Amino acid sequence: MNKLTFIALFLWLPLLGVSQEHSEMKKISGGTFVPLYGSEPFGINMDDFMLDVYPVTSQQYLVFVEQNPKWKKSKVLRLFADKNYLTNWASD
């Protein structure tokens, strides 16, 4: 899973109602950046956004996957996850 996917998940989880022990968030200032992946050689503009200070735990992500079956290993769109997605999870 690439960095952009992780960032997207961190941003989506609070919006989808997954509770966290630590809900402190910090503002990330927007700007222009050149992606590490892809064929876009030009900068992409990003607005300011909020990001959780503490990472999501495996248990919290398990709750998220149970509530959102489309994120199971067998169902996630390859656009959002590569072949390494949840490889350390024993079950789907």
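Biologist: Is Ile44 buried, partly exposed or exposed?

Modeller: This is a predicted model, and Ile44 lies in strand S3, residues 44–46. Buried means under 20% relative accessible area and exposed means over 50%. Ile44 has 32% relative accessibility, so Ile44 counts as partly exposed.

Biologist: Which residues form a nonpolar patch on the surface, and what is their accessible area together?

Modeller: Ile44 is a member of this patch, along with Phe33 and Met46. Together, Phe33, Ile44 and Met46 have an accessible area of about 230 Å².

Biologist: Which residues of helix H2 are buried, and why do they line one face of the helix?

Modeller: In an α-helix there are 3.6 residues a turn, so residues three or four places apart point the same way. Seen down the axis of H2, the buried residues fall within an arc of 140 degrees, so they line one face. Gln59 and Glu66 are exposed on the other side of H2. The buried residues of H2 (residues 58–67) are Gln60, Tyr61, Phe64 and Val65.

Biologist: Which residue forms a salt bridge with Lys27, and how many residues apart in sequence are the parts that the pair ties together?

Modeller: The partner of Lys27 is Asp48, with the closest N and O atoms 3.1 Å apart. Lys27 lies in strand S1 and Asp48 in the loop between S3 and strand S4, so the pair ties together parts that are 21 residues apart in sequence.

Biologist: What is the N to O distance in the salt bridge of Lys26 and Glu24?

Modeller: Lys26 is partly exposed at 46% relative accessibility, and Glu24 is partly exposed at 39%. Their side chains meet in a salt bridge, with an N to O distance of 3.5 Å.

Note on methods: Residues numbered from 1 in each chain as written. Predicted model: local features only at pLDDT ≥ 70, side-chain atom pairs only at ≥ 80, totals over all residues. Heavy atoms only, no water. Patch = residues over 30% accessible without salt bridge, like charges linked within 9 Å, V, L, I, M, F, W, Y side chains within 5 Å. Areas by Shrake-Rupley, 256 points an atom, 1.4 Å probe, with all protein chains shown as cover. Salt bridge = Lys/Arg side-chain N within 4 Å of Asp/Glu carboxyl O. Helix = DSSP H or I, 4+ residues; strand = E, 2+ residues; numbered from the N terminus. Buried < 20%, exposed > 50% of the residue type's maximum accessible area, 1.4 Å probe, protein only. Arc of directions from axis to C-beta.
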